[in-house]
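Work through the exercises below with the sequence and the model side by side. Each task is followed by a solution in steps.

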Amino acid sequence: MRTIAVKLFISGFCSIMICLIATPADGQRLTERKIKRVFDNSEIVNDHYTGFVLYDQRTDKVIYELNSNKPSVPASNTKLFTLYTALRMLGDSIPGLRYIVKGDSLIFWGTGDPSLFHPDLKSAKVFNFLKNSPQKLFYSGANYIPSSRSGSFSLQTELTSFPIGENTAVIFAGADGNLKITPSSLALKLRQDTSYHPKTFTIRRDASGIGFSYPLMQITAGFKKLFPIRHEPDIIAGILQDTLKKPVGFIEMPMPQNAATVYSLHSDSLYKRMMLPSDNYLAEQILLMCSSVLPGPLSLDSTIAYSSKNYLNDLPDKFQWTDGSGLSRYNLFSPRSIIKMLVKIRDKVGNEQRLLNMFPAGGISGTLKNAYKTDNGVPFVWAKTGTLSNVHLQGGYLVTRKGKKLIYSFMNNNFLRTTSEIRDEMGRIITDIHNRY
């Protein structure tokens, strides 16, 4: 009996110790039930449409999902689809222009590359190529068809096959009090209109979209206004002539398939510039540029159609893709399609450091700089944000204190709170997952 009692005591003692040891460990396990409780207890995420997916990269399984199959407006998370398409269609370097040499002439076509004279993209290869060419230069815009949707519905800067700078003209009051315009080659497009009588001095674009008019009145000191440059071959040739300091003509000539390519800059530098500050103009031009590797003229529509058929045919839910930037509310993707896209981007890039370098880092850079605090100076979240009126979301990569590598999509649509409230609640939940697991 004594032996039995001792055995029972030892067995009971061991059971107690196992429970004491196991309970804290179990409390640190990341489970569906625990994440569900967080969302159930959040007043903010329950008063509007919230879609959420938390995905474990090690097991390739979903930990928790909420409305994961319901499509919603992705705002700038659309840039994830633009990024992946570019990663698939373009190489390590960006195609800057296409050209042929015919007799004593060099005829060239744009690819949609937005890096030439862009203030944040230091690339001089295209400029130097044209500047040092011994042939006569002729630009052709015959390889570009404007999108039936003109790209993004809200993008002010017009898409073009040959962007220069940020594809904008700047009209401003000079130090001498006179009106100035850059690029200076557009000076002939700026004229005074005595029939124009605004309440205060301003500039309006002519109905043709090419010229600019100003009233007969005192120019306001410090006046400055930006306008998109129209895609007109003579305008682009004139701007190039002004910057290259050599004659540039224009010609309507279809681009032959054997046209050679001049590359401009490393692709990652362009993608990073699109992703971190969420640059809408660059996103649209990148998507347009992808069509430069397809047969036929440049077309935003052809890129979307090609990518949807060949690269996005394995997305879990039906989607609607309209532009490159996400400014259009016609874009519709589900949270689990966002997760799938983040997995595909990760696999295509292949290198974790390179991957995370393309995304805003919480507390460090881009659109997440002020949305999160670091963990003792180390970021733990890298994600693409998206914001429109009554729309705010994040999609990206998360590392917990225990070293778990996760992917998440957090979509909020149709809320009536302030965007800052939604942003703070997303930050609180994602930070809590990082801290606890």
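Two residues are in contact when heavy atoms lie within 4.5 Å. Helices (H or I, at least four residues) and strands (E, at least two) are DSSP runs, numbered from the N terminus. The model is predicted: local features need pLDDT of at least 70, side-chain atom pairs count only at pLDDT 80 or more, and totals for chains, interfaces and linings use all residues. Residues are numbered from 1 along each chain as its sequence is written, and side-chain values use heavy atoms, with hydrogens and water left out.

**Exercise 1. Overall description**

Task: State how many helices and strands the protein has, and what share of its residues is buried.

Solution. 
- Step 1. There are eleven helices and 16 strands.
- Step 2. Of the 437 residues, 52% are buried; buried means under 20% relative accessible area, exposed over 50%, and partly exposed in between (1.4 Å probe, protein chains only).
- Step 3. Along the principal axes, the C-alpha atoms fill a box of roughly 110 × 55 × 40 Å.
- Step 4. Taking contacts between residues at least 6 apart in sequence, 66% join residues at least 24 apart.

**Exercise 2. The helix pair α2 and α11**

Task: Describe how α2 and α11 pack, and list the residues that meet.

Solution. 
- Step 1. The two axes are 11 Å apart and the packing angle is about 150°. Axes are lines fitted to C-alpha atoms, for helices over the stretch in contact, and angles run from 0 to 180 degrees between N-to-C directions.
- Step 2. α2 and α11 are therefore roughly antiparallel. Angles under 35 degrees count as roughly parallel, over 145 as roughly antiparallel, 65 to 115 as roughly perpendicular and the rest as oblique.
- Step 3. From α2, the residues I35, V38 and F39 meet I429, D432, I433 and R436 of α11.
- Step 4. Sorted by class, this contact of α2 with α11 has five nonpolar, no polar and two charged residues. Here Ala, Val, Leu, Ile, Met, Phe, Trp, Tyr, Cys and Pro count as nonpolar, Asp, Glu, Lys and Arg as charged, and the others, Gly among them, as polar.

**Exercise 3. The helix pair α6 and α7**

Task: Find the orientation of α6 and α7 to each other.

Solution. 
- Step 1. Helix α6 (residues 267–275) and helix α7 (residues 280–290) have axes that come within 9 Å and cross at roughly 140°.
- Step 2. The two helices, α6 and α7, are therefore oblique to each other.
- Step 3. L270, Y271, R273 and M274 of α6 make the contact with L282, A283, I286 and M289 of α7.
- Step 4. By class, the contact of α6 with α7 has seven nonpolar, no polar and one charged residues.

**Exercise 4. Salt bridges**

Task: Which residue forms a salt bridge with E43, and which residues share its network?

Solution. 
- Step 1. A salt bridge is a side-chain nitrogen of Lys or Arg within 4 Å of a carboxyl oxygen of Asp or Glu; the structure holds 20 of them.
- Step 2. E43 pairs with R417, with the closest N and O atoms 3.6 Å apart.
- Step 3. This pair links distant parts of the chain, 374 residues apart: E43 is in the loop between α2 (32–40) and β1 (49–56), and R417 is in the loop between β16 (405–413) and α11 (419–436).
- Step 4. E43 is exposed at 62% relative accessibility, whereas R417 is partly exposed at 22%.
- Step 5. R417 also forms a salt bridge with E421 (3.2 Å, N to O).
- Step 6. Salt bridges with shared partners join E43, D47, R417 and E421 into one network.

**Exercise 5. Backbone exceptions**

Task: Where is the cis peptide bond, and what is phi of N67 and of N414?

Solution. 
- Step 1. Most residues other than glycine have a negative phi, and most peptide bonds are trans.
- Step 2. The peptide bond between T182 and P183 is cis, with omega about 0°. P183 is in the loop between β7 (179–182) and β8 (190–192).
- Step 3. N67 has a positive phi, near 50°. N67 is in the loop between β2 (61–66) and α3 (79–89) and is partly exposed at 26%.
- Step 4. N414 has a positive phi, near 60°. N414 lies in the loop between β16 and α11 and is exposed at 58% relative accessibility.
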